[in-house]
Amino acid sequence: MNNQIIIARIPQAFAPLLTEHHRIKFYYGGRGGGKSYAFADSLLLKGRMQKLLIACLREVQDSIKDSVYRLLCDRIAFYSLNDYRIQESKIENKITGTQFIFKGLRDQDIQKIKSLEGVDIAWIEEGQSISKKSWDILAPTIRKDGSEIWISMNREEENDPLWVLLAANPDERTLVRQVNYNDNPFCPEELKLQAEKCRLKNPDDYLHIWLGQPLAQGAAKLIAPKIVRQAFTVKMAATDSPLIIGLDIARFGDDYTVFCFRRGRWCQKFITLKKQDVVSIADYCQGIITDYAPARVFLDAGGIGGGVYDILAARGFRDIIRAVNFGSKAIMEERYANRRAEMWANAAAWLNQELPVQIPPDEELLSELCCVNKKYDTRGRLLLESKDEVKKKLGRSPDKADAFVLTFAEPVYDCGRTRTFGKSGQIAIEDMFAEIRDNGKW
Ligand SMILES: Nc1ncnc2c1ncn2[C@@H]1O[C@H](COP(=O)(O)OP(=O)(O)OP(=O)(O)O)[C@@H](O)[C@H]1O
Ligand SMILES: [Mg+2]
């Protein structure tokens, strides 16, 4: 395959990748800009011309499947580059000796990262996820004379660490370029249609998703879509953690009653009922308690939830069910403006933890979880935007997400009994939450 053909398929905006030397090449923009493809093609091409050690890096890489390995393999196949040999964990050029290696930065410490000292080009994909800590370890490691760091990213927030450190005020050794789908001559029609639909329906989302602008300040999302998507992949086959059920009860309009089943780091399923009356929801819940023997059922006490609680309490389930009032004082009052913000923050922490978590792959759940913006009250405590605002954006009530966050109302221990906590208790609430988070025992 003639190298000219590869060059011809690299959009003009990416030409400096091949023709110019910069310590840092920083490309950012929205979906479909062609960043990943252009980086992959340019690196494959460069690796055919001279021997290079190329490190493909991202913040988290649980398996090579998370990396750009697949994309590089596809591009090798597309161009029939028979001089590349694809191995299980690396890609090699048989003629020049170029090697592509793949690593997650979060797992690297000063010792492990030494293997990157001979790198000629480091490609950081999804630069928006790179922490300052990872960057501070990486930057001095890529130390070979003439080495380059290529970064591709879709900006998330105004102060994404790499944006602030490198691109906001670039020095003379840094090339910063913005590329969007309309700069990509190979952008599929389907993507252009999706972008246009978004532009008409939700201009703010369009600016962020398609034109690569950060989320408006003060409107940062509590939960990022990519974290939820990561939790979609199947990782767990069994767990002995106690079953906790979150029950979000229909209030008015089109709302649904939703049961969410979670065991430790595995959110297993949802059961959705079309709006029902107090007694039939209580009956249904009783059936679930009998069949599944949950350690706790946390139910939304607002609306008719109080009635459901009363019925179940009268029927002898007082030990298992807990009524949660979203608007009431948080357990960690100094940090959260109310119970709702606290539960959502705990759910976000659960999704963001380093240990693997799993939830059912459900796009409805994803849009509900990722719709909620952070806000703070005058005391600097997390508040979240109101449920009415969320409903307006979603066009419905986030019933599944609320059932899910209810499973984080209080920590439940393996013995199935909540421990005493608070000022009169044995351990401070802060410590209790930290202990549970650190042990991954949500
Ligand atoms: N050189 C190319 N040849 C053929 N198709 C291409 C090429 N470059 C880009 N594309 C098409 O454009 C799409 C978007 O490109 P790419 O995935 O590289 O964008 P991106 O900027 O990395 O954005 P994101 O991954 O966030 O969507 C690809 O899925 C592919 O269909
Ligand atoms: Mg990409």
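User: Hi! Which way do β12 and β13 run, and how many bridges join them?

Analyst: Strand β12 (residues 296–300) and β13 run parallel, joined by 4 bridges. Strands and helices here are DSSP runs numbered from the N terminus, with at least two residues (E) for a strand and at least four (H or I) for a helix. Two strands pair if DSSP finds at least two bridges between them. In this pair, Asp300 stands opposite Val324 in β13.

User: Before we go on, what sort of model is this?

Analyst: It is a predicted model, where local features need pLDDT of at least 70 and side-chain atom pairs count only at pLDDT 80 or more, while totals for chains, interfaces and linings use all residues. Residues are numbered from 1 along each chain as its sequence is written, with chains lettered from A and ligands numbered from 1 in the order in which they are written.

User: Thanks! What is the strand order in the open sheet?

Analyst: The order is β11-β10-β9-β12-β13, 5 strands with mixed pairing. β11 and β13 (321–324) each have a single partner strand, so one side of each has no neighbour in the sheet.

User: And β10, what does it pair with?

Analyst: β10 runs antiparallel to strand β9 (residues 243–248), with 6 bridges, and Gly246 stands opposite Cys260 in β10. β10 also pairs with strand β11 (residues 266–274) in the antiparallel sense, over 8 bridges. β10 and β11 form a hairpin with 2 residues between them, and Gly264 in the turn has a positive phi of about 55°.

User: Why is β10 called largely enclosed?

Analyst: Because 6 of its 8 residues (256–263) are buried, β10 is largely enclosed by the rest of the structure. Buried means that 20 or more other C-beta atoms, placed from the backbone, lie within 10 Å of the residue's own.

User: Switching topic: which residues have the most contacts inside the largest nonpolar core?

Analyst: They are Leu247, Cys260, Leu299, Val308, Trp344 and Leu406, in a core of 56 residues. A nonpolar core is a set of buried Ala, Val, Leu, Ile, Met, Phe, Trp, Tyr and Cys residues joined through C-beta atoms within 7 Å. Helix α12 (residues 339–352) gives the largest share, 7 residues. There is also a second, separate core of 46 residues, including Trp123.

User: Last one: which residues are closest to ligand 1?

Analyst: Gly33, Lys35, Ser36, Tyr37 and Phe186 are the closest of the 14 residues surrounding ligand 1, counting residues whose C-beta atom, placed from the backbone, lies within 6 Å of it.

Definitions and conventions
Buried ≥ 20, exposed ≤ 12 C-beta atoms within 10 Å, placed from the backbone.
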